[in-house]
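Dear colleague,

Please find below the structure I promised to pass on to you. After it I have set out what was found, so that you can read the notes with the structure open beside them.

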Amino acid sequence: MAARLMHRWCWLYRTVSSLGHQAGPLSQAPWSKRPPFALRTTYNLSQVADRFSVKELESKTPEKPPRWEDLIMVSSSMEELLAPEHLHDISGNQAALLITRLSHLASQLKLDHKAILKDKRFQQLGFCLMQEIWLALINLLKSLYFLGVSPQQKELCSAELELRWRLRGLSYRRLASLAASLAACVPREKPHELLTELLAQLEMRWAEIEDAQTIALLMAKQEYLSPQLRERLEDKSLELAAHFSPEDIRRLAVVLAQQNLRSLPLLRAISYHFVQKHFAVKPDILLDLAFAFGKLNFHQTQMFQKICSDLLPHVPELPPTDVVRCVKSFSYLKWLNLPFFEASYFIHNSKKFTLSQLVNLLISYARLNFQPSNKEDFYTKSHHILDGQLGSLNPSLLIDLVWSLCVLQQAEASEDGFRGRGGIQVSVWIACAEPPFVGSGFPLSLFPKPGQLTAKDSPQWLEMFPAWVAFLLWEFPNFSSRSKDLLGRFMMERRHLQTAGFVVVEVPYHEWFNLNTEWKKTQYLKDKMQKALATDLAG
């Protein structure tokens, strides 16, 4: 029994020692300093229990996984080597290592080479490897072009030749990326063999286009594309439009605006699918869409309503530049959204506005003849910024400002500033009947004399016309979008004629087009004249 106990104790001691020599300093002390055997045994057994609990806790903590390369090198079979966890998200260098190890195993284990080549996992490795090689080659060429390396230099010629051999293996997206980079570096008037071959490949393989980014990339280089490829790009855009994300729609719309490509079918498609997306869209995307549709003068009411409803909660956080840019875009579209156009943002942030930003805001308001509900505070703060700064405006912007303040009937407050810039002939662009400039001391010498006007858009002196009735035919472009409110410049035109003493007879298109016989049209004009004369006599 004692022998058996001694044997078990020795085994237990060896076990403890094998756990990293975890016996405490007492067990490692010299024999002369150790306690008696019984005490030693009791002490070590209790320590062993503690140490096993520590070991159990340590086993629960995750150990550092072995390196990927080590796992590859110790794989002993094809199935183990090509396990899914080994093939997930690997680089070209890792794919090369796998192929090298696989060839070594094929030699050792006498594996069937034809079966390996047909294996989809091996084909995936080859794809990863070639992608890495192509990417390195494309990046090399882009860098050489960017640095302006001479086309005759040996290194550049070799890289171009290598790529031309591999063109058919490149994805369409990489072809488009390389063509765009090359087009930006090579003068268009000089023929370039590689660029010509790239464009031929792009036109031949257009059916491989899969994403909006590639379409936008090529559309941005319109001048290099053939008419056939341009049509194919538009067709592919219409085919993929239902799957475009808001970022894709923004990217495509901005490129269309920059290239001034007003493709109505494509604009209708992307606006329709954008409206159908009911999740929130980031403010920068909304702002870019407003700019693009404004520049292309494309009207889509549901689109504008979604942009405003999604953008309104973010307006307090936006800088003045973005707010003014959006208001300006909508004014070009002749679309008025009252909550968005209200001037409360400017009133609360007027100190952040620059002179140019305020001028653009006033021009936008005047274009739509919009008067904010809190216009007293708005115009007070506006004139405070304008006072003393008009001299810094360039002539064209100053002319636009004069027109805008006349439309908004706020020019009188800035009359002194305009007098200071009289030398630029602001009067050529201002109708002569506006009260702040006629009959209030403004130097009439600045106004051109009757018979001396030669410019196409020069104002006409009303005294030259002997008539006393003025017919104004208002057509569709004279009104705000989806409303019967005249735009600002036409409101001012009517006001000037009335100020000059004319009886104004207004004929809006939406009334005139409903008259389908000559008799109805004649009766309509007679009724309009009688009402206008009666109103004039009563006034």
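Is Phe298 buried or exposed? With a relative accessible area of 5%, Phe298 is buried, and since this is a predicted model, please take that value, like those that follow, as computed from the predicted atoms.

Aromatic rings

Phe298 has a ring partner in Phe293, and because the two ring centres are 5.5 Å apart with their planes at 40°, the pair is described as tilted. Phe293 is itself buried, at a relative accessible area of 1%. A further tilted pair is formed by Phe330 and Trp335, with 5.3 Å from centre to centre and 50° between the planes. Both partners are again on the buried side of the scale, Phe330 having a relative accessible area of 0% and Trp335 one of 6%. The count for the structure comes to 19 aromatic pairs, and ring pairs join Phe330 and Trp335 into a cluster whose other members include Phe304, Phe340, Phe341, Tyr345, Phe346 and Phe353. Also in that cluster are Tyr365, Phe370, Phe378 and Tyr379.

The charged end of Arg367 sits over the ring of Tyr332, at 4.2 Å from its centre, while the charged end of Lys306 sits over the ring of Phe274, at 5.5 Å from its centre.

Thr301 and its surroundings

Once the neighbours within four places in sequence are left aside, Thr301 is in contact with Trp335 and Arg482. With Arg482 there is also a polar contact, made between the two side chains at 2.5 Å. Thr301 counts as buried because its relative accessibility is 13%, which falls under the 20% cut-off.

Leu318 lies in the loop between α17 and α18, the latter covering 320–332, and at 11% relative accessibility Leu318 counts as buried. Leaving aside neighbours within four places in sequence, the contacts of Leu318 are with Pro283, Leu311, Val323 and Tyr345, and Tyr345 is one of the residues in the aromatic cluster described above. Leu318 and Asp284 are 34 residues apart in sequence, and their C-alpha atoms are 9.8 Å apart in space.

Salt bridges

Side chains of opposite charge can pair when their charged atoms come close. The structure holds 13 salt bridges, and several of the residues concerned, namely Glu247, Asp248, Arg250, Arg251, Asp284, Asp288 and Arg325, are linked in a network. Glu247 and Arg250 both lie in helix α14, residues 246–258, where they are three residues apart, about one turn of the helix. Arg251 and Glu247 are four residues apart in helix α14, so they too are separated by about one helical turn. In terms of accessibility, Glu247 counts as partly exposed at 27% and Arg251 is partly exposed at 26%, whereas Arg250 counts as buried at 13%.

Another salt bridge is formed by Glu208 and Arg205, with their closest N and O atoms 2.9 Å apart. Here Glu208 counts as partly exposed, at 37% relative accessibility, and Arg205 as buried, at 12%.

Cysteines

How many disulfides does a search of the whole structure find? The search finds zero. For Cys326, the closest cysteine sulfur is that of Cys308, and because the two sulfurs are 6.1 Å apart, they are too far for a bond; the cut-off for a disulfide is 2.5 Å. Cys326 counts as buried at 1% relative accessibility, and Cys406 is likewise buried, with a relative accessible area of 1%.

Conventions
Residues are numbered from 1 along each chain as its sequence is written. This is a predicted model: local features need pLDDT of at least 70, side-chain atom pairs count only at pLDDT 80 or more; totals for chains, interfaces and linings use all residues. Side-chain values use heavy atoms; hydrogens and water are left out. Buried means under 20% relative accessible area, exposed over 50%, partly exposed in between (1.4 Å probe, protein chains only). A polar contact is a pair of N or O atoms within 3.5 Å; within protein, one must be able to donate a hydrogen and the other to accept it, and residues adjacent in sequence count only if both atoms are side-chain atoms. Contact means heavy atoms within 4.5 Å. Rings of Phe, Tyr and Trp (its six-membered ring) pair if their centres lie within 6.5 Å; planes under 30 degrees apart count as stacked, over 60 as edge-to-face and the rest as tilted. A charge sits over a ring if NZ of Lys or CZ of Arg is within 6 Å of the ring centre and within 35 degrees of the ring normal. A salt bridge is a side-chain nitrogen of Lys or Arg within 4 Å of a carboxyl oxygen of Asp or Glu. Helices (H or I, at least four residues) and strands (E, at least two) are DSSP runs, numbered from the N terminus.
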